[in-house]
Amino acid sequence: MSTEGRAKGVVGELIARSNRLGSDPRNTNYAGGNASAKGTAADPVTGEDVELLWVKGSGGDLATLTPAGLAALRLDRLRALASVYPGVDREDEMVAAFDYCLHGKEGAAPSIDTAMHGLVGAAHVDHLHPDSGIAIATAVDGEALTKKIFGDTVVWVPWRRPGFQLGLDIAAMKDANPQAIGCILGGHGITAWGDSSAECEGNSLHIIEAAAAYIAGHSRPEPFGPVLDGYAALPDQERRAKAAALAPTLRAIASHDKPMVGHYTDAEAVLDFLAHAEHPRLAKLGTSCPDHFLRTKVKPLVLDLPATASVEDAIARLTELHSAYRAEYQAYYDRNATRDSPAIRGADPLIILVPGVGMFSYGKDKQTARVAGEFYVNAINVMRGAEGLSTYAPIDESEKFRIEYWALEEAKLQRMPKPKPLATRIALVTGAASGIGKAIATRLAAEGACVVVADLDPDKAAAAAAEIGGTDVAVGLAADVTDEAAVRAAVDTTVLTFGGLDLVVNNAGLSLSKPLLETTVADWDLQHNVMAKGSFIVSKAAARVLIEQKLGGDIVYISSKNSIFAGPSNIAYSAAKADQAHQVRLLAAELGEHGVRVNGINPDGVVRGSGIFAGGWGAKRAAVYGVPEEELGAHYAKRTLLKREVLPEHVANAVFALCSADLSHTTGLHIPVDAAVTAAFLR
Ligand SMILES: NC(=O)c1ccc[n+]([C@@H]2O[C@H](COP(=O)([O-])OP(=O)(O)OC[C@H]3O[C@@H](n4cnc5c(N)ncnc54)[C@H](O)[C@@H]3O)[C@@H](O)[C@H]2O)c1
Ligand SMILES: [Zn+2]
């Protein structure tokens, strides 16, 4: 086989192994760990074979790794770095030196773990963060346990911050222990190796499974101590109701320094942890694996009240605990910061634990919040394993601080792309499965918001949400806006799905165009129920959350040109639109003190994409004007000053403008999006 063919084969095996290992959560946490392979490829400069290291680059996830996510480095140059290595105090400089070892400029940026993979004398290396392995790594007698479980086949390497020195340590350990298949890295995870990719994978799985089996066979029956009276999980419905009632306050707590998106879970592992006596002590000790505490902060905020505590008592206590948490985090920063440390990044918790209810986790977007929660579940599994065998002993606070405020970590954060204008904002759009509402939901999501698509038909709502993005971006749900209980349930689902609510669009509507004498009381009621009463119900349910969250917010009404324009055959629709338009002003006046802005939009003649027009009304209007139905939009355009057809996207643009920072000082306003109809000018 040619050198190129062999290189492709090595990379292919590495990707397949990475994907297999990464897709089983028992093997490593999301985006945690890395895998590598060494092999030869042709040097395009000399045409000669050179030895390369392919290793998962910075930031990627093993489960979904592709060749583009690998960094490719010249092995001779990488290993030569050992001779210029200035010592552990300056080991960070070696990361910049990796760039001088790259084989071409394609591929991902090398991660901090690159040295370990390059320096260890084996063709294939895996470094993983399995819960079972970290349980051994964080047990106070982890070294003795490692000997007991593995004999001399797996060696203990004491905690050391990831970096060049850790790579040297592991390489030296392997040289001194030729029989070893891998090691337990104190406080952190595992590393395994092999001469072939299959052997390496087998060794990784052996360490993970043997550790898990040992824990299962030797653990105390109640690793988290006896059951705590009153701390058991609440029954399903009660638990969900309490979670929804607490969510706005919890988001306010997590967002004191900067706004956060949330994730809620009542996973069995979390409820079980909180139901047992040792959880306050263990939670205080914090997480240990660097991946875990970078996403969860050093420790969570734990509500110290039983599951049966009332919502009011819980909120009062949480407020006290929040102040204490902030003071403690500031003290942790002050104790550990040096002159060169980056500035404090905010003192609010990222994980909040509520006995009987579950865990709320927070991040700059839904994915980050969800993964933080996953990592705390990993940490709970680790604590259960370690406490089952021995005593959980995570790494020291000062070491955690060195990683949390590491210059390399700070640089990574600085390299992150600027957040989108609506990042962290959570939107609920009614009637969003069709037409204007769907365009609004799509635009808000494109600007970084998390979006809930609410409509009458759950399947249509789910389909529209799926078109907009995955469930970290948009979810669909059924909510008839005329039904107060359904609207409350939709708001509850919103706060449980994304942690809160910031932006509400009252868009749901329908149009029955009839002259007065043909308008029935039922017609009148339907128009008013959906648009006037529906918006009132939605605004009321949403305002309760907005006020508790203390983050301000936006309510936008999709009114209509017809809220001010008076024409024939429109009594029920236009009167309901006028009602909505006045709600804008009334609520702007009432909610201003909470930082909630309430504005409206007056569209007109939005034919394309509109279910209102497609449902027969468009055909009727076209017949009235004597134009083919497909030209109705163009016909309306001719009646405007700008002679432009209005599309759903134009209404969506106006919603975005109203909710963007540029209009932060505007409330009680209506914006016409009608290509200019003189009769509907606002005065
Ligand atoms: N199309 C226009 O020219 C125009 C002009 C001015 C104002 N508007 C207003 O814009 C909004 C959207 O209209 P569109 O043209 O996109 O119509 P559309 O029919 O395409 O969308 C309206 C959506 O609202 C939903 N809906 C109806 N009743 C509901 C209820 N009780 N609960 C929840 N959802 C409900 C429908 O299922 C539909 O998906 C309406 O309020 C409408 O009055 C439209
Ligand atoms: Zn690691």
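Two residues are in contact when heavy atoms lie within 4.5 Å. Leaving aside residues up to four places away in sequence, Val598 touches Ile555, Tyr557, Val584, Leu587, Ala588, Leu591, Thr667, Gly668 and Leu669.

This is a predicted model, in which local features need pLDDT of at least 70, side-chain atom pairs count only at pLDDT 80 or more, and totals for chains, interfaces and linings use all residues. Residues are numbered from 1 along each chain as its sequence is written, chains are lettered from A and ligands numbered from 1 in the order in which they are written, and side-chain values use heavy atoms, with hydrogens and water left out.

Val598 also belongs to a nonpolar core. Such a core is a set of buried Ala, Val, Leu, Ile, Met, Phe, Trp, Tyr and Cys residues joined through side-chain atoms within 4.5 Å. Buried means under 20% relative accessible area, exposed over 50%, and partly exposed in between (1.4 Å probe, protein chains only). The largest core has 68 residues, and Leu250, Ile352, Phe360 and Val598 touch the most other members. Helix 20, residues 521–549, gives the most to this core: nine residues. A second, separate core holds 36 residues, including Leu62, Ile184, Ile190 and Ala210. In soluble globular proteins, nonpolar side chains tend to be buried together.

Now look at helix 19. Helices are DSSP runs (H or I, at least four residues), numbered from the N terminus. Asp483 caps the N-terminal end, with a side-chain oxygen 3.0 Å from the backbone nitrogen of Ala485. Among the buried residues of helix 19 are Ala486, Ala490 and Phe498. After the helix comes Gly499, with a positive phi near 95°.

Next, the zinc ion, ligand 2. Donors are N, O and S atoms within 2.8 Å of the metal (3.2 Å for Na, K and Ca); water is not among the atoms, so sites may look incomplete. The protein donors are NE2 atoms of His127, His129 and His188, lying 2.1 Å from the zinc ion. Their spacing along the chain is H-x1-H-x58-H. His127 is buried, at 0% relative accessible area. His129 is buried too, at 4%.

A polar side-chain atom of Ser434 lies 2.5 Å from an oxygen atom of ligand 1. A backbone N or O atom of Gly611 also lies 2.5 Å from an oxygen atom of ligand 1.

Note on methods: Helices (H or I, at least four residues) and strands (E, at least two) are DSSP runs, numbered from the N terminus. A polar contact is a pair of N or O atoms within 3.5 Å; within protein, one must be able to donate a hydrogen and the other to accept it, and residues adjacent in sequence count only if both atoms are side-chain atoms.
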